[in-house]
Amino acid sequence: MTSFDLHARLGEFHLEAAAAWEAPSAALFGASGSGKSTILEAMAGLRSEVAGSVVAGGSELHGLRPAKRRLGWVPQDASL
């Protein structure tokens, strides 16, 4: 089971996002500016200002450093 239940207020942007799935992979899509990258960055542990829970493969990831989460994320823009 993989799931997230995230919330944050980032300036004028207010994020409330939750989902759960059993499949081995999932797709996240939506309009530009809807929070897709913020959700993925939060799941990967790269957005400390986003609160909530993230479960991957049945394991709670709260409190784990990004390197310990074993989640891959490739940004749209080429930045190293």
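**Entry 1: turns and ground rules**

Which residue in the turn of the β3 and β4 hairpin has a positive phi? I looked it up: G57, at about 60°, in a hairpin with two residues between the strands. For the record, I am working on a predicted model, where local features need pLDDT of at least 70, side-chain atom pairs count only at pLDDT 80 or more, and totals for chains, interfaces and linings use all residues. Residues are numbered from 1 along each chain as its sequence is written, and side-chain values use heavy atoms, with hydrogens and water left out.

I then checked the β1 and β2 hairpin, which also has two residues between its strands. Its turn holds G11, with a positive phi of about 65°. My elements are DSSP runs numbered from the N terminus: helices are H or I with at least four residues, strands are E with at least two.

**Entry 2: the sheet**

I traced an open sheet of four strands, ordered β2-β1-β3-β4 with antiparallel pairing. The edges are β2 (13–21) and β4 (59–60); each has a single partner strand, so one side of each lacks a neighbour in the sheet. I call two strands paired if DSSP finds at least two bridges between them. A reminder to myself: strands of a sheet pair through backbone hydrogen bonds, either parallel or antiparallel.

Going pair by pair, I found nine bridges between β1 (residues 2–10) and β2, with L6 facing A17 of β2 as its bridge partner. Between β1 and β3 there are five bridges, and F4 stands opposite V54 in β3. Two bridges join β3 to β4; V55 has E60 in β4 as its bridge partner.

**Entry 3: the core**

Which residues make up the largest nonpolar core? I listed 12: F4, L6, A8, L15, A17, I39, A42, M43, V50, V54, A56 and L61. The elements giving two or more residues to this core are β1, β2, α1 and β3. A nonpolar core here is a set of buried Ala, Val, Leu, Ile, Met, Phe, Trp, Tyr and Cys residues joined through side-chain atoms within 4.5 Å. Buried is under 20% relative accessible area, exposed over 50%, and partly exposed in between (1.4 Å probe, protein chains only).

**Entry 4: one ring pair**

How many aromatic pairs does the count come to? I got one. My rule takes rings of Phe, Tyr and Trp (its six-membered ring) with centres within 6.5 Å; planes under 30 degrees apart are stacked, over 60 edge-to-face, the rest tilted. The rings of F4 and W21 have centres 6.1 Å apart and planes at 75°, so I noted the pair as edge-to-face. F4 sits in β1 and W21 in β2, so the pair ties together parts 17 residues apart in sequence. F4 counts as buried at 7% relative accessibility, while W21 at 22% counts as partly exposed.

**Entry 5: two residues checked**

I placed E41 in helix α1. Buried or exposed, I asked of E41? Buried, with a relative accessible area of 15%. Beyond residues up to four places away in sequence, E41 touches L46, R47 and W73.

L10 belongs to strand β1 and is partly exposed at 23% relative accessible area. With residues up to four places away not counted, L10 touches T38, R47 and E49. I also took a C-alpha distance: L10 and A51, 41 residues apart along the chain, are separated by 12 Å.

Key: Contact = heavy atoms within 4.5 Å.
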